[in-house]
Amino acid sequence: MSTEEELLSVDYEVYGRVQGVFFRKHTQSEGQKLGLVGWVQNTDAGTVQGQIQGPAGKVQQIQRWLRTTGSPQSRIAKAEFTNERTIDKLDFKNFKVVR
């Protein structure tokens with residue numbers, strides 16, 4: 001049996017006061033700290049969205065962070081996670097902020 005943790009991919013969208021408060025930058029550094037890959041961007045609707053990939057346990061950690069912590073000035077109303085699935089390999093090399 002392999003001790004490798006399965007890799008997860010999950011899409012996310014965070015609602016609340018999450019633009020203009022360095023939310024993307026903090027999400028990127030949190031993702032990098034956890035060794036995750038993916039991306040984050042602002043939406044026209046005033047939310048922040050993106051995709052995270054990495055070991056299941058780390059993905060769960062950043063999901064918790066996105067739901068409860070965020071950047072210091074942010075006020076998170078809710079975070080939605082969709083399209084969660086197991087993947088064979090990562091689609092990204094790093095965690096980037098998309099303009």
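This is a predicted model: local features need pLDDT of at least 70, side-chain atom pairs count only at pLDDT 80 or more; totals for chains, interfaces and linings use all residues.

Student: Fine. So what's the strand order in the sheet?

Tutor: Reading across, the order is β4-β1-β3-β2-β5. That's an open sheet of five strands, and the pairing is mixed.

Student: Which strands stand at the edges?

Tutor: β4 (75-87) and β5 (95-98). Each has a single partner strand, so one side of each is left without a neighbour in the sheet. The twist, by the way, averages 20° from one strand to the next.

Student: And in what sense do β2 and β3 pair?

Tutor: Antiparallel, over six bridges. β2 covers residues 37-42 and β3 covers residues 48-55.

Student: OK, switching to helices. What does α1 touch in the sheet?

Tutor: Helix α1, residues 23-33, packs on the sheet and touches β1 (7-17), β2, β3, β4 and β5. Its direction makes about 170° with that of β5.

Student: Which residues of α1 are buried?

Tutor: F23, T27, E30 and G31. They cover an arc of only 100° around the axis, which puts them on the same side of α1.

Student: Why would residues three or four places apart point the same way?

Tutor: Because an α-helix has 3.6 residues a turn.

Student: What do the buried ones in α1 pack against?

Tutor: β1, β2, β3, β4 and β5, plus α2 (56-68). On the face turned away from that buried side you'll find the exposed residues K25 and K33.

Student: Where does F22 sit, and is it buried or exposed?

Tutor: F22 is in the loop between β1 and α1. Its relative accessibility is 55%, and the cut-off for exposed is over 50%, so F22 counts as exposed.

Student: What about N83?

Tutor: N83 also isn't a glycine, and its phi is positive, near 60°. N83 lies in strand β4. With 45% relative accessibility, N83 counts as partly exposed.

Student: And what follows α1?

Tutor: G35, which has a positive phi near 75°.

Methods:
Residues are numbered from 1 along each chain as its sequence is written. Side-chain values use heavy atoms; hydrogens and water are left out. Two strands pair if DSSP finds at least two bridges between them. Helices (H or I, at least four residues) and strands (E, at least two) are DSSP runs, numbered from the N terminus. Axes are lines fitted to C-alpha atoms, for helices over the stretch in contact, and angles run from 0 to 180 degrees between N-to-C directions. Contact means heavy atoms within 4.5 Å. Buried means under 20% relative accessible area, exposed over 50%, partly exposed in between (1.4 Å probe, protein chains only). The arc is that of the directions from the helix axis to the C-beta atoms.
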